Amino acid sequence: MADHDKTLSTEVTVSAYYRVHPEDRQAFIDAVIPEMRAAQKMPGCIYYAFAQDLTDPNTFHLLEGWADQEAYENHEEAESFLSALSTVVKTVRILHREGVRYDIARMHIDDPRGKVS
């Protein structure tokens, strides 16, 4: 898979995390991977990534970047998203979840490496 280009402009960004029951971890992964691959191919998807937390194998972080509201809404209505959502809701015990959608007015590139001498 190619690297994400987070310097591309997004109008909509989603940041969420899920902490799942340890026994349901693999079911969550199996539901999310096909959706993640499908979302990454959708028009207007700048980036879409799930990542396992480095300190808790049952916690997963989601970061989505969409070019505009239409692209975001198309994803929310896509069969791949609705299928994954249905599977997770019906088969995975979510112990905690938080998600935030941001409507982006302006982006700034963040590169703190210049602070290190």
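Select Val-14 and then Arg-101: in strand β4, Arg-101 is the bridge partner of Val-14. Both belong to a predicted model, in which local features need pLDDT of at least 70, side-chain atom pairs count only at pLDDT 80 or more, and totals for chains, interfaces and linings use all residues. Residues are numbered from 1 along each chain as its sequence is written, and side-chain values use heavy atoms, with hydrogens and water left out.

Strands here are DSSP runs of E with at least two residues, helices are runs of H or I with at least four, and both are numbered from the N terminus. Two strands pair if DSSP finds at least two bridges between them.

Next, show the whole sheet. Four strands make an open sheet in the order β2-β3-β1-β4, with antiparallel pairing. At its edges are β2 (45–52) and β4 (94–103), each pairing on one side only. Neighbouring strands of this sheet are turned against each other by 10 degrees on average, direction ignored.

Within α1, pick Val-32. Val-32 is buried, because its relative accessible area is 8%; buried means under 20%, exposed over 50%, and partly exposed in between (1.4 Å probe, protein chains only). From Val-32, draw a distance to Val-88: the two C-alpha atoms are separated by 8.4 Å, although the residues are 56 apart along the chain.

Move to helix α3, residues 79–91, and select Leu-85. At 41% relative accessibility, Leu-85 counts as partly exposed.

The protein chain holds three helices and four strands, running β-α-β-β-α-α-β from the N terminus on. Its C-alpha atoms fill a box of roughly 45 × 40 × 25 Å, taken along the principal axes. Of the 117 residues, 31% count as buried. Among contacts between residues at least 6 apart in sequence, 73% join residues at least 24 apart.

Terms used:
Axes are lines fitted to C-alpha atoms, for helices over the stretch in contact, and angles run from 0 to 180 degrees between N-to-C directions. Contact means heavy atoms within 4.5 Å.
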